[in-house]
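Reader: Please take me through the packing in this model, with the cut-offs spelled out.

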Amino acid sequence: MVKKIFSDKFINFSLFKKRKKLFNSKEFAVVTGGCGRIGSIYTSLLLLYGLNVIVLSRTKDNFLEFKNNLNPYLKKKIFWKKLDLRKGSSVEKISAFLKKKKIRFLINNAAYSNRGKFFSYNERNLNEEIWGTFAGSMLLTEKILPQLRKINGAKIIFTGSLWGKKTPRFRIYKDLDIGPSPIIASGKSAILQYAKFLAEREAMFGITVNSLLPGWFPRKGKVERRDYIKRIKDNIPLKRLGKLSDLISAVDFLISQETSYLTGHELIIDGGYSLS
């Protein structure tokens with residue numbers, strides 16, 4: 001008798017009834033930079049899924065503004081703790097605080113970096129940027145992993161950067177000199193490789209590890225250089241800048257319980273910029 005390996009004719013419709021199943025209300029998600037522009041998307045969706053969210057950042061201002069716009073129930077489920085990724089002592093301190101939490105999600109979203117292709121480095125700022133782009137997130141992850149390993153189906157998500165995969169086109173920035181620094185490009189590349197390393201190593205614990213790579217989602221400045229914005233759009237096949245709303249479905253996809261078979265993946269949302 002031949003053993004039947006593949007038996008599904010089609011997916012059972014009953015599976016779709018569970019799509020909006022909430023996570024355990026006693027579990028936590030940890031989001032670095034969780035009330036910044038992209039971080040606020042992770043935080044919002046995780047709250048809607050029923051999780052308690054601990055936001056880690058250097059300052060509390062964005063957190064307070066974000067929390068003030070939540071309904072009373074959700075206000076009870078969001079918390080803030082100070083974290084400066086540039087300092088190993090800060091990472092150690094927050095790791096000790098998180099030691100007894102039931103953590104299902106770790107979202108490494110925050111980063112500290114300089115700007116300019118000829119940024120002038122010295123020992124101090126070089127060390128700060130290496131920690132801010134890679135070392136701080138790596139140390140935090142390694143410290144929190146023992147808690148994640150106790151949760152069935154835990155997830156780690158990194159917010160990466162196109163500059164971790166693509167060489168910046170400095171002509172786009174014209175005379176502004178606000179392009180990525182050598183370390184932000186190198187640090188984000190290290191983050192993406194570390195995510196793949198973790199995906200393989202932590203699979204035995206049922207932990208999935210994936211990365212989100214946003215393209216051009218520039219902040220609105222006090223004065224918009226129209227020639228600079230036009231140059232960006234000219235290099236994007238869809239001919240427009242990214243809006244934060246363009247990232248919602250991507251983040252929802254990555255945190256969903258239904259992506260438990262996705263690991264080691266880099267999800268690029270860039271309007272086609274990285275095609276060439």
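Author: A nonpolar core is a set of buried Ala, Val, Leu, Ile, Met, Phe, Trp, Tyr and Cys residues joined through side-chain atoms within 4.5 Å. Buried means under 20% relative accessible area, exposed over 50%, and partly exposed in between, with a 1.4 Å probe and protein chains only. This is a predicted model, in which local features need pLDDT of at least 70 and side-chain atom pairs count only at pLDDT 80 or more, while totals for chains, interfaces and linings use all residues. Residues are numbered from 1 along each chain as its sequence is written, and side-chain values use heavy atoms, with hydrogens and water left out.

Reader: Which element gives the most residues to the largest nonpolar core?

Author: That core has 31 residues, of which Tyr-42, Leu-46, Phe-105 and Ile-255 touch the most other members. Two or more residues come from each of strand E1 (28-32), helix H1 (39-48), strand E2 (52-57), helix H2 (61-68), strand E4 (103-108) and helix H8 (248-255); helices (H or I, at least four residues) and strands (E, at least two) are DSSP runs, numbered from the N terminus. The most, 5 residues, come from H1.

Reader: How many residues are in the second, separate core?

Author: Its members include Phe-28, Leu-56, Leu-83 and Ala-195. The count for this core is 26 residues.

Reader: Are H4 and H5 roughly parallel or roughly antiparallel to each other?

Author: The axes of helix H4 (residues 88-98) and helix H5 (residues 123-148) come within 10 Å and cross at roughly 25 degrees. Axes are lines fitted to C-alpha atoms, for helices over the stretch in contact, and angles run from 0 to 180 degrees between N-to-C directions. Angles under 35 degrees count as roughly parallel, over 145 as roughly antiparallel, 65 to 115 as roughly perpendicular and the rest as oblique. H4 and H5 are therefore roughly parallel.

Reader: How many nonpolar residues does the contact of H5 with H6 have?

Author: H5 and helix H6 (residues 182-201) pack at about 15 degrees with axes 9 Å apart. Residues that meet across this pair include Phe-134 and Met-138 in H5, and Ile-191 and Tyr-194 in H6, where contact means heavy atoms within 4.5 Å. Ala, Val, Leu, Ile, Met, Phe, Trp, Tyr, Cys and Pro count as nonpolar, Asp, Glu, Lys and Arg as charged, and the others, Gly among them, as polar. By class there are 4 polar and 3 charged residues, and the nonpolar ones number 11.

Reader: Is Trp-216 buried or exposed?

Author: Trp-216 is in the loop between strand E6 (208-214) and helix H7 (226-234). Leaving out residues up to four places away in sequence, Trp-216 touches Trp-163, Ile-172, Tyr-173, Tyr-228, Ile-232, Ile-236, Leu-241, Gly-242 and Tyr-273. With a relative accessible area of 8%, Trp-216 is buried.

Reader: And Arg-226: buried or exposed?

Author: Arg-226 lies in helix H7. Its relative accessibility is 76%, so Arg-226 counts as exposed.

Reader: What is the phi of Lys-174?

Author: Most residues other than glycine have a negative phi. Lys-174 is placed in the loop between strand E5 (155-159) and H6, and is partly exposed, with a relative accessible area of 35%. Although Lys-174 is not a glycine, its phi is positive, at about 55 degrees.

Reader: Where is Asp-177 placed?

Author: Asp-177 also has a positive phi, near 50 degrees, in a residue other than glycine. Asp-177 is partly exposed, at 45% relative accessible area. Its place is in the loop between E5 and H6.
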